[in-house]
Amino acid sequence: MGTKCKIFVVPLFLSFFLFPLVFSASSDGLIRIGLKKRALDQNNRIASRLESEEAESLRASSRNYRLRGNLGDSEATDLVALKNYMDSQYFGEIAIGTPPQKFTVIFDTGSSNLWVPSTKCYFSVACFLHSKYKSSQSSTYKKNGKPAAIQYGTGAISGFFSLDSVKVGELLVKDQEFIEASSEPGITFLVAKFDGILGLGFKEISVGGSVPVWYNMVDQGLVKEAVFSFWMNRNTQEQEGGEIVFGGIDPKHHKSEHTYVPVTQKGYWQFDMGDVLIDGKSTGFCSGGCAAIADSGTSMLAGPTAIITKINLAIGAKGIVSQECTTIVSQYGQTILDLLLSEVDPDKICSQISLCTFDGTRGISGGIESVVDEKNGGKLSGVLQDGMCTACEMAVVWMKTQLRQNATQQFILNYVKELCERLPSPMQESVVDCGKLSSMPPVSFTIGGKAFKLTPEQYILKVGEGDAAQCISGFTALDIPPPRGPLWILGDVFMGPYHTVFDYGNLRVGFAEAA
């Protein structure tokens with residue numbers, strides 16, 4: 001079509017304020033934009049906790065999540081509804097309309113829609129604190145009007161679809177469908193340092209079936225290759241925040257060759273992941289394989305509670321005591337241990353002691369009802385409660401791992417009780433002692449047969465300076481049941497140390513040590 005193809009770079013701003021952009025061309029054909037960095041914000045963390053109280057049931061009851069994209073009521077999990085942008089650090093600037101109206105957005109590989117606040121947002125305070133799109137001032141605006149709504153883990157937006165030109169770096173995407181947000185309730189977007197979200201996931205999870213910006217970049221011939229990549233600068237002493245490169249890979253952003261794994265399910269950038277290692281030793285949970293997604297819109301690294309709890313114990317993180325877990329170990333610990341020693345199928349143990357039902361492959365949560373069902377031989381017709389089933393399943397995993405290491409029964413029971421005391425609440429923080437980083441073990445994730453190691457300096461997030469500084473674990477709990485789970489979300493904690501390539505043309509994801 002005569003369109004010039006090029007590789008270009010978009011800035012990921014990390015500052016409270018946008019600084020003037022300085023464009024510079026280089027001999028490798030990349031266009032670089034100066035970046036700024038925003039430190040983790042204590043006020044945002046407080047606001048996140050307040051918002052979390054309202055969203056706790058949404059995040060904690062992951063069995064109820066459903067995809068809101070084109071997949072309808074499938075068994076896929078609506079991870080967009082889990083997203084917490086409160087601690088997001090990486091922002092970039094785009095422009096919408098003619099003449100261009102500038103917005104700061106999060107480039108998010110864990111969602112697929114583009115949205116910004118609208119001038120038609122009259123009753124949400126958040127809209128008055130951010131840049132707003134004015135359709136009446138754009139000569140390339142086209143009306144759509146179809147209603148849209150997106151629920152996030154700590155916030156929601158609603159509005160309507162419109163079409164206009166979108167400029168990302170030096171590329172101009174024509175007739176891009178996006179959401180004008182006319183309502184942004186809650187605390188999240190009120191205190192957010194960004195205006196909107198630009199999703200880089202697949203169309204399969206796009207609300208309203210809207211074609212993502214990235215798809216149109218490829219379809220309109222604006223990029224040299226159907227590839228984009230993230231480099232996130234985690235050096236807190238440097239002002240440069242990182243770069244997202246559309247159309248190629250900057251070799252200066254990585255030190256080693258990339259390890260590629262195929263996308264196993266379109267929607268999120270999902271792939272298969274192997275064992276998780278603590279100080280080089282297997283946790284046993286994902287030795288048979290787990291699913292994972294690379295998510296630039298998530299600041300933390302989320303995974304199954306069973307493993308996150310073991311990690312938090314190993315690094316000395318203090319979480320919230322789980323009463324369900326403590327009760328299970330006290331009442332059923334020895335029984336579970338005896339059943340494991342008698343070689344009962346671990347997946348059936350929790351159903352055998354009536355804490356879970358069994359679907360033929362694993363224990364699952366049933367209703368909370370706990371009445372005796374005469375037609376079922378006097379057995380309980382459901383599980384005692386959802387939390388008890390989950391706690392039992394975790395106890396089985398922990399005990400099984402210790403038995404493999406030939407630990408004594410008393411050691412195992414004491415160890416599991418200690419793990420219970422380290423249980424974090426879903427999608428929330430666990431605190432560690434900033435002075436003990438040197439004694440914490442590395443945590444590794446097996447991808448494509450290679451172990452990708454995270455050091456304490458990489459997985460611990462520091463908030464504040466001096467005596468007021470606080471260190472939080474970069475690991476947070478999130479339980480996604482089969483068939484979609486167990487699932488890990490590798491957010492900025494992982495994508496910072498490892499340069500990440502999203503190869504749309506070959507449907508694969510690649511990781512290499514970041515420069």
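Cys434 is partly exposed, because its relative accessibility is 32% (buried means under 20% relative accessible area, exposed over 50%, partly exposed in between, with a 1.4 Å probe and protein chains only). Its disulfide partner is Cys471, which is buried with a relative accessible area of 4%. The model is predicted: local features need pLDDT of at least 70 and side-chain atom pairs count only at pLDDT 80 or more, while totals for chains, interfaces and linings use all residues. Residues are numbered from 1 along each chain as its sequence is written, and side-chain values use heavy atoms, with hydrogens and water left out.

**Disulfides**

- A disulfide is a covalent bond between the sulfur atoms of two cysteines; the cut-off used here is a pair of cysteine sulfur atoms within 2.5 Å.
- The whole structure holds 5 disulfides by this search.
- In the link of Cys434 to Cys471, the S to S distance is 2.1 Å. The link is right-handed, with 120° about the S-S bond.
- Cys434 sits in the loop between strand E21 (431-432) and strand E22 (443-447), and Cys471 sits in strand E25 (residues 470-473), so the pair ties together parts that are 37 residues apart in sequence.
- Cys121 and Cys127 form another disulfide, with sulfur atoms 2.0 Å apart. The torsion about their S-S bond is about 80°, so this disulfide is right-handed. Both Cys121 and Cys127 are buried.
- Cys286 and Cys290 are also joined, with sulfur atoms 1.9 Å apart. Here the torsion about the S-S bond is about -85°, so the disulfide is left-handed. Cys286 and Cys290 are both buried.

- Strands of a sheet pair through backbone hydrogen bonds, either parallel or antiparallel. Strands (E, at least two residues) and helices (H or I, at least four) are DSSP runs, numbered from the N terminus; two strands pair if DSSP finds at least two bridges between them.
- An open sheet of 3 strands has the order E21-E25-E24, with antiparallel pairing.
- E21 and strand E24 (460-463) are at the edges with a single partner strand each, so one side of each has no neighbour in the sheet.
- E21 and E25 run antiparallel and are joined by 2 bridges. Val431 stands opposite Ile472 in E25.

- Strand E4 (residues 92-96) is mostly covered, with 5 of its 5 residues buried.
- Gly92, Ile94 and Ile96 point one way from E4, while Glu93 and Ala95 point the other way; all are buried.
- E4 pairs with strand E5 (residues 101-108) in the antiparallel sense over 5 bridges. Val105 in E5 is the bridge partner of Gly92.
- The hairpin has 4 residues between the strands, and Gly97 takes a positive phi near 95°.

**Helices H5 and H9**

- The axes of helix H5 (residues 305-315) and helix H9 (residues 409-420) come within 9 Å and cross at roughly 95°. Axes are lines fitted to C-alpha atoms, for helices over the stretch in contact, and angles run from 0 to 180 degrees between N-to-C directions.
- That angle makes H5 roughly perpendicular to H9 (under 35 degrees counts as roughly parallel, over 145 as roughly antiparallel, 65 to 115 as roughly perpendicular and the rest as oblique).
- Thr309, Lys310 and Leu313 of H5 make the contact with Tyr415, Glu418 and Leu419 of H9, where contact means heavy atoms within 4.5 Å.
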